[in-house]
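Please open the model in your viewer and keep the selection panel at hand. The tour below goes from one selection to the next and says what is to be found at each stop.

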Amino acid sequence: MKADQEQRLGFLLERAQAGDNVAYEKFLLETSAELRRFFSSRLVNGEQREDVLQETLFAIHKARHTYLPERPLSPWLYSIAKYKLTDFFRKNMVLLGRELSVEEIPEFALELDMSSHKIDDVEAAYARLPTKQKKIIGLLKFENLSVKEVAAKLGISESAVKITAWRGYKEIRRTLGIKDDENK
Amino acid sequence: MMKTNNLINELTRNLQPVKKVSDPKISFLKWLSISFLCLGVGLLFFGVRDDLQNAIYRLEFSIQLLDTIALALLSAFSAFLLSIPDKKHPIIETLPLMSGLLWLTLIIFALINAETIRGGLGLNCLKEIVILAVFPAAALFSIIMHAAPLNKSKVGLLVLLSAAGLGAFGTQLICVNDDPLHVLLWHFTPVVGIGLIGMFVGSILFRWDAVRKRN
């Protein structure tokens, strides 16, 4: 967030604390746009992104009396946003679903128990993947596209989609220390 | 996006002014004055130990005394800092743990070097710690419940660690038994136990962001 924007939003929130609902509406609209950008790199699914955004706006509303105008707005705002994002991932225990396999690839179930893995670790593991693996897993699991749809979108074969996704899942599991459960 | 706009309309409609929380440093100082007042009353009630003037000149006693009050104050300060959403303060947040570990180290050191270990029952000490901790704990919870702590269990832990630390500080001024085993079992362990209870209490009490009902 740019310094002048932060200052402006801080001023609007301060007015809102005094009961100015016009200032508050401006604050929430501009903050929503900012938070959508923040969440877009962490949540690919648009519907989920809006859900977390709404939860965050509600939390901001409930906590607005704790904003101290003499302090910067960004740490206050983003700590609430991160808190709600973490909350969302905790409630949605299964981060990445079951993968379908081709004949030569064993079927793996990738379920991550969020109570035993910090969201930061999961995010970090996903972020470390090579671009192609990250893109394919994002399309499969966050955009909920089928293997066929991903293959068509990227102009590659379905086998290539499955093999690349399988390698990505394996890498995430390895990073998080999860043992594979291979079906024979 | 329509639902988000509806939410924004809902939140801005009938907006009421709010009373801002105080700066955490100010809240801490207010709590400190209330707590020391309560501690003073408690010490008058229970009576300080007869040998306090001599005990203070013993190095191990003085260091432990300073450390318990440091534990209490650092825990309270951290709790106040964490009671409002803000940037992290990793060094400040670690200080209560350091303080607690120092106390444990001092006790273990005394145990190793003790010529004899008596132990001794300490139910009175437990009672004193709890009684001396009640009002500071209530005051801390009362102030922080009007804030918005994000890590509720951690803040709960710090609240009760602080109050119990204050209680232990007062108890050291009352209890004449400085035997390290006694201090470990009836001063240190209750402080840790009460602190851990705080994690549970915090997760229940600090529900400022309870889930809204969706239409």
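How many residues of chain B are in contact with chain A, and how many of chain A with chain B? Select both chains: 35 residues of chain B are in contact with 39 residues of chain A, where contact means heavy atoms within 4.5 Å. This is a predicted model, in which local features need pLDDT of at least 70 and side-chain atom pairs count only at pLDDT 80 or more, whereas totals for chains, interfaces and linings use all residues. Residues are numbered from 1 along each chain as its sequence is written, chains are lettered from A and ligands numbered from 1 in the order in which they are written, and side-chain values use heavy atoms, with hydrogens and water left out.

Stay with the interface. The size of an interface is often given as the accessible area lost when the parts come together. Chain B and chain A bury about 3200 Å² between them, with 61% of it on carbon and sulfur atoms; buried area here is the accessible area (1.4 Å probe) that two parts lose on being put together, summed over both. The two chains are also joined by 3 salt bridges, each a side-chain nitrogen of Lys or Arg within 4 Å of a carboxyl oxygen of Asp or Glu. For a salt bridge to display, select A:K84 and B:D209, whose side chains meet at 3.1 Å, N to O.

Now select helix α6 of chain A, residues 131–142, which reaches 15 Å from its first C-alpha to its last, close to the 16 Å expected at 1.5 Å a residue, the expected span being 1.5 Å times one less than the number of residues. Among its buried residues are A:I136, A:I137 and A:F142, and after the helix comes A:N144, with a positive phi near 55°.

Finally, move to chain B and select B:T171 in helix α7, residues 152–174. B:T171 counts as buried because its relative accessibility is 0%. Beyond its neighbours within four places in sequence, B:T171 is in contact with B:C125, B:E128, B:I129, B:L132 and B:H187.

Note on methods: Helix = DSSP H or I, 4+ residues; strand = E, 2+ residues; numbered from the N terminus. Buried < 20%, exposed > 50% of the residue type's maximum accessible area, 1.4 Å probe, protein only.
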